[in-house]
Amino acid sequence: MIDLAAIVSEVRQGMIPAHVYADQEIFAAERDRLFARSWVFLAHESEIPDPGDYVVRRVLADSFIVARDEAGVVRVMFNMCLHRGMQVCRAELGNASHFRCPYHAWTYRNDGRLAGVPFHEEAYGGEDGFARSGQRLLPAPSMGTHNGMIFISLDPDAPPLAGYLGDFAFYLDFYTRQSPAGIELRGPQRWRVKANWKIGAENFAGDSYHTPHTHASVVDIGLFREPKASKRKEGALYQAGPGAGTTYKLPPGGGFADQLRYVGYPDAMIPGMAATWSDRQRALVADSGFMVSAATLFPNLSFVHNWPQIDAAGTVVPFVSLRQWQPVSERETEVLSWFAVDAAAPEDFKQRSYKAYLMCFGSSGMFEQDDVENWVSITDMAAGSMARRLRLNSRMGLTSEGKPVKPPLAAFAGPGLAYQGFGEYGQRHWLALWRRCSTRPTLPAGWTCCARTSAT
């Protein structure tokens with residue numbers, strides 16, 4: 001039996017028992033206590049634009065149909081037949097007015113209502129024996145949306161999504177709301193890696209330290225101008241609400257439009273960003289001089305915003321990706337990777353931005369390959385007996401007394417705390433949420449494990 005209290009105590013000090021990245025009992029605790037109560041991203045409304053459109057997504061072992069019904073309402077329904085428990089919809093996506101269970105052909109409308117039972121009169125005596133009215137696929141216990149992003153929680157007493165997102169909503173807009181049109185997604189690409197799900201989530205929450213080393217080759221071949229160590233240590237690491245992330249420091253002296261041009265946005269898109277983002281969001285770029293890059297929204301949704309050079313002429317084009325670390329087991333993760341782009345962007349920009357995304361991330365991306373090589377090795381090493389004797393040091397940016405090496409940035413327009421330079425502030429912030437969610441045996445009504453955050 002693992003001693004969760006002892007593990008939590010060490011993680012609180014910034015020392016991580018190495019076996020947490022390959023431990024079956026810890027994974028069971030995450031499944032039952034963390035994912036059973038957290039807000040988890042499922043889909044984006046742009047993936048189901050028309051009545052009847054649907055996608056099938058999971059929260060670990062629980063399958064859900066995310067559908068737009070005939071009235072245009074977005075529904076999230078547990079993908080299990082009321083009769084004998086068969087998975088009702090087995091296609092990953094499509095368009096359907098009804099879903100029919102392949103086992104006994106019970107049929108449901110795309111709003112979840114039971115529409116048909118074969119041999120209803122003969123088998124059940126009609127409505128008197130089994131009233132179909134009021135029978136429907138089980139809805140997700142809690143559902144919320146933000147900028148078209150569809151989240152659910154398996155906790156029926158989950159706090160409202162808006163309250164959960166808190167200050168991190170400020171940063172979400174940079175990825176998911178660049179004009180009033182919102183974003184559209186392509187994908188997801190899906191693949192599995194033999195790595196623990198926490199490693200990717202932590203990495204995107206604030207690991208700018210690895211970039212100039214793990215991804216040195218992308219600089220050597222001229223793909224990317226930014227991951228040099230001198231550039232990464234100038235960036236800011238922020239933590240806000242249930243999220244944390246990294247930024248790049250932009251060149252001094254540029255205004256809002258000039259900074260957006262620097263990272264490759266065309267003039268046609270800049271007015272939309274200026275009109276959509278708040279004064280404070282614009283100030284983060286123009287006054288503080290930072291542009292958001294990678295981030296993680298607890299527990300397992302990450303974002304990346306980069307601007308590689310896509311051709312020999314040095315043309316810089318930005319892209320945005322959403323990625324989800326879907327746990328399969330303690331040693332395997334299904335990665336879902338979406339390309340995201342402003343729905344109102346010029347068509348040629350969408351094409352070039354998609355090319356930039358494919359070069360860097362997705363199943364064949366160069367950044368992706370670099371990262372996964374590390375994460376698989378970490379998981380392999382964590383599975384051995386020696387890993388139970390090792391405590392990994394996650395105290396970068398802290399003195400021996402546990403105080404920040406540098407004070408938080410005063411001239412940082414965004415909410416939350418931000419530190420400039422290298423540090424593991426974001427990873428510790430994510431781990432603070434992880435330890436709280438993974439170790440609470442029960443939750444009072446109306447409270448979820450992720451309702452509070454820690455500044456350290």
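## Terms and model

Helices and strands are DSSP runs, of at least four and at least two residues respectively, numbered from the N terminus. The structure described here is a predicted model.

## The largest cavity

The model contains 4 cavities of 30 Å³ or more.

At least two residues each are supplied by the helices α6 (197-206) and α14 (366-382) and by the strands β14 (243-249), β15 (290-297) and β16 (301-306). Helix α6 gives the largest share, with 3 residues. By residue class, the lining of the largest cavity holds 9 polar, 6 nonpolar and 3 charged residues.

## The second largest cavity

The second largest cavity has a volume of about 60 Å³. Its lining consists of Y175, Q178, I183, Y265, P318, F319, V320, A340, V341, D342, F349 and S353. Two or more of these residues come from each of β17 (319-329), β18 (332-342) and α13 (347-360).

Strand β18 contributes the largest share of the lining of the second largest cavity, namely 3 residues. In this lining, 9 residues are nonpolar, 2 are polar and 1 is charged.

In soluble globular proteins, nonpolar side chains tend to be buried together. In the present model, the largest nonpolar core comprises 112 residues, and V66, Y171, L284, F303 and W434 have the most contacts inside it. Helix α5 (residues 168-176) provides the largest share of this core, 7 residues. Both domain 1 (41-145) and domain 2 (166-438) are represented in the core, each by at least three residues.

A separate core of 17 residues lies apart from the largest one; among its members are Y54, C81, C101 and V117.

## The surroundings of F303

F303 is one of the residues with the most contacts inside the largest core. When neighbours within four places in sequence are left aside, F303 is in contact with M149, F168, L172, Y175, T176, F204, S293, A294, A295, L297, S321 and L322.

Definitions and conventions
Residues are numbered from 1 along each chain as its sequence is written. This is a predicted model: local features need pLDDT of at least 70, side-chain atom pairs count only at pLDDT 80 or more; totals for chains, interfaces and linings use all residues. Side-chain values use heavy atoms; hydrogens and water are left out. On a 1 Å grid over the protein atoms alone, a cavity is a set of points where a 1.4 Å probe fits but cannot get out, and a pocket is an open set with protein on both sides within 12 Å along at least five of seven lines; lining residues have an atom within 4 Å of a point. Grid points are joined across faces, edges and corners, and a volume is the space filled by probe spheres set on the points. Ala, Val, Leu, Ile, Met, Phe, Trp, Tyr, Cys and Pro count as nonpolar, Asp, Glu, Lys and Arg as charged, and the others, Gly among them, as polar. A nonpolar core is a set of buried Ala, Val, Leu, Ile, Met, Phe, Trp, Tyr and Cys residues joined through side-chain atoms within 4.5 Å. Buried means under 20% relative accessible area, exposed over 50%, partly exposed in between (1.4 Å probe, protein chains only). Domain bounds come from an automatic or database domain assignment. Contact means heavy atoms within 4.5 Å.
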